[in-house]
Amino acid sequence: MKQKITGLLLLMPAMLCCSPIIFLIAGSLMDAGELRTCLGPVLTGGEGYVSWHMLPVFPTLQNYVELSLDTPQFFVMFWNSVKLTAGVLLGQMVVGVPAAWGLARFSFPLKKVFYTLYVLLMMMPFQVRMLSDYLVLDGLHLLDTHAGIILPAAFSTFPVFLMYRFFTGIPEAVLEAARIDGAGHVRIFFSIGLPLGAGGIVSALVLDFLEYWNLIEQPLTFLKDKTLWPLSLFLPNISMQKAGIAFVSSLAALVPAMLIFLGGQEYLEQGIASAAVKE
Amino acid sequence: MRKKMAGMLAGFLALMLAFTLLSRAADAVTIARVSVQRAQQGRIVHRVSASGTVTPNREQAVSVLAGQTVKTIFVEEGQQVSAGEVLFCIDTGNLQEQILEKKRELQIADLQAKDRKSGIEAQAQKDAINKNRAAEDYNAAAGRGNTAVGRAWQELQAARKKLKLLESGAGSADAGDSVLGVLQEACREKQLEYEQALAHKKELEKLIDEEVERALGQYGESVSGQSGESASARADENARTETAMLVIRERAAHLLAIETETASAEAQTETTELQLPETLAAPEQTQQPQESETANTATEPEAESSEAMPEPAQTEAQADQELILGDGTEAPAEDPYLAEQRIRLENQPLLEEADRLILAKKQEKEEADAALSEYLAASASGAQADAQEMLGQIEAEIRVKEQAYEDALTAANDSLRAAGRALEDAGAPKGSDSTVEIDELTREQQELQLEKLEALLGENGEVRSPIDGLVTKLNISTGERTPDGTAVLLSDKAAGNKIVVQVTEEQSRYIAHGDEAGVYAEGKEKLQGLAVDSVRAGTEDAAMLDVTVQLPADTLEAGMYATVETERRSDIYDCCVPVQALNEESGKYFVYILAESSSVLGTELTAQRKDVTVLDKNESLAALEGSLGDSRVIVASDRLISQGSRVRLEE
């Protein structure tokens, strides 16, 4: 009984937290007139205050149809986001995983200095690096290309830091046994390191997916060609006449992130816990 | 769980891929496909093309009198004929019948014209007689009026004289003898005048009888054919008759003059005693001016009544008499009974006047005798009334006489006015009568028709072409009657042909006299280098204009359907676009030019509106003011486009 009361008490804040999603679903089912009535004061500068209905007065799927059939721009941006995110994650797999393995399992001079530099760079926000990134990309003629977004993200330090923690957790005895059995460094990395550090790798990829799926600053800064823009820049270009489409597109953007999150939820928790443990 | 999520993610991505394809397909369907063209230099060529029928420049109508029977037709429409060639033939049998009929009609018309002429002359004579009778009636009325007024005046004066004698002799001893003398003298005068009036009437009747006998004698002579009497003898007879009538009139006038003179002399002595009412003269002024002198005699008996009245009356009467007698001398002899009736009727007013005079004199005589008898009776009985009482009776008698005089004056004026109006009516102008002239014209027309018929018969009924030309219309059929108008219409070959086409007012702006024109007809070689002869307001349709082009000889025949083409080139314009690119809104022209814009879907083409001013245009090109530079102008679109519409170039 006590647990039920506690559950009910916790359900209310949970519903409160989910209210934006509920609003989003309700808005996607409203027609243009109802949306104008509810959002008019904000989007058109009219008098009064914004109102909202938990359930649409005149529910319709018109917005879904319009987004699916009459808005090719949305799909261009959707696939741009897929391309950017996939590229970044692939780059991090190729670059970040070996880097984390090297830092975790090898001893070499200035190792601590490199690690400290990784952590330091991880702490620096994009706004600080924006100018230097721009100059470098310009020098490499990577401005206004997807490579200009993917390459800097592929060498991001945060997944290295996250995976480093998992790799260091592998017992040395396991690695020693492999060596005695005649395994080389590559064999040990692919056969011992990757399977045992899979939780860290997945959690790093899930976190990075969520980050790069919603990327805004970098595309806005480095991409002038609108055909290269990701989905995160679609919503700011939505007007009052297409408010319904904005709700549907938000839901559509939410679906992959939600699926990735649910699929990697277990590893994500491990990764977050791992990142939180002090060395 | 992880696999399930991965599967769902894969499914979601597949779904998005499918919708990507669908949305692009839908976009490709809805976007407008356009054709573009850049503005370029060029000339605006205005071509005017219109079709019409070739017509001859000059036509000649061949016609014959209407109603002829067509025996044979030798030509047909569109056939070339030469001058003198027989066109058709008329049935001569029917022609001869018509000639005979025309001649009969001419004879009948002559007779009718003669009758009408005679009737008009007879009517003129009747009008003259009526006018003369009206004049006689007027004179008679004047005479009667004067007589009645004079008699009333005389009686009034007699009463006054009687009063004066009584007043002057009232105190004297021999007053009774004086009165007796006056009364006896008056009786003698009245007796004398009465006898004169009787003698006058007898003489008048005698003269009328003589006139009747003379008229009967003339009739007898004309009937027996013994009209060999010389003109001088007849003139002598007429002169004798006129003299007799003059005597009648003079005597009548003399009797009236005596009566009026007596009244006038007495009136001169009594003018101070009685002022005649001036109002009686006023009605006379409304009568005819030429009769005013005569009319004055009725209103002013004291002013030369003995001369003024008889002389005009005599003059008029003499003229009338001459007219009446003239009938007997100049006109052919008439029926004796009618002649006698006419003469007696014409002179009836004179007899009536004489009767009235006799009656008046008789009445005056009886009144005088009565006064004398009354006086003698009073003297014999010794019971002579008191002088004062006698005086009162006479004064009462004077008032009665004065009233009678005024009545007579009014009655005379009324009868005179009525007679004057009758005279005016008789002299009223008659409307013109052109019957004789019309008969003459009708006869000339019939003669002309007869001449034509005879001429046609002389040609054996053959009608020939007067010119070399083309038969353009046939209004006759074999066996039918010829129409009232053109039988055969010929186009004059020597005058050539022309083509007349109709163009709109808009088209007429680009065509003018002297412009080069081409004419072509189906199956014929196109005629180049011709010139527009005229551009005029349309005869059939006021909204259209007629364009005429003269054709060379022996090219197109009349009646052919052909097309005229003209062309006018403008100066070179720097900016010309296809006219399809022009759009119009509220009377303003604009074009859509192609613009590129960057969007999520890449570089997109959109339509941008640009207002322009059209300098000139024809069916294919429009010249614009200014320049559009290197812009691509949308000239065609498979969908309706507007400002900012996304478009796709047609491959």
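This is a predicted model: local features need pLDDT of at least 70, side-chain atom pairs count only at pLDDT 80 or more; totals for chains, interfaces and linings use all residues.
Okay, let me start with a definition: I'm calling it a salt bridge when a side-chain nitrogen of Lys or Arg sits within 4 Å of a carboxyl oxygen of Asp or Glu. Keep that one in mind for the interface.

Over all chains, though, the structure holds 38 salt bridges.

What does the contact consist of, then? Chain B puts in 21 residues and chain A puts in 23. Together the two chains bury about 2100 Å², and 76% of that is on carbon and sulfur atoms. On the chain B side, the residues that lose the most area to chain A are R2(B), F12(B) and V600(B), and together they make up 29% of what that side buries.

Helix 13 of chain A, residues 243-263, packs with helix 1 of chain B, residues 2-30; the angle is about 160° and the axes are 8 Å apart. Anything over 145 degrees counts as roughly antiparallel, so that's what we call helix 13 of chain A relative to helix 1 of chain B. The crossing of these two is left-handed.

Who's touching whom? From helix 13 of chain A we have A252(A), V255(A), P256(A), L259(A), I260(A), L262(A) and G263(A), and they meet R2(B), M5(B), M8(B), L9(B) and F12(B) in helix 1 of chain B. Sort that contact by class and you get 10 nonpolar residues, 1 polar and 1 charged.

Helix 4 of chain A brings A99(A), L103(A) and A104(A) to the contact, while helix 5 of chain A brings K111(A), Y115(A) and Y118(A). By class, that's 5 nonpolar, no polar and 1 charged.

Last stop, back to charges. Side chains of opposite charge can pair when their charged atoms come close. Here's an example in chain A: E176(A) forms a salt bridge with R179(A), with the closest N and O atoms 3.0 Å apart. Where do they sit? Both are in helix 9 of chain A, residues 172-180, and they're 3 residues apart, about one turn of the helix.

Methods:
Residues are numbered from 1 along each chain as its sequence is written. Chains are lettered from A and ligands numbered from 1 in the order in which they are written. Side-chain values use heavy atoms; hydrogens and water are left out. Axes are lines fitted to C-alpha atoms, for helices over the stretch in contact, and angles run from 0 to 180 degrees between N-to-C directions. Helices (H or I, at least four residues) and strands (E, at least two) are DSSP runs, numbered from the N terminus. Angles under 35 degrees count as roughly parallel, over 145 as roughly antiparallel, 65 to 115 as roughly perpendicular and the rest as oblique. A crossing is left-handed if the near helix is turned anticlockwise from the far one by less than a right angle, and right-handed if clockwise. Contact means heavy atoms within 4.5 Å. Ala, Val, Leu, Ile, Met, Phe, Trp, Tyr, Cys and Pro count as nonpolar, Asp, Glu, Lys and Arg as charged, and the others, Gly among them, as polar. Buried area is the accessible area (1.4 Å probe) that two parts lose on being put together, summed over both.
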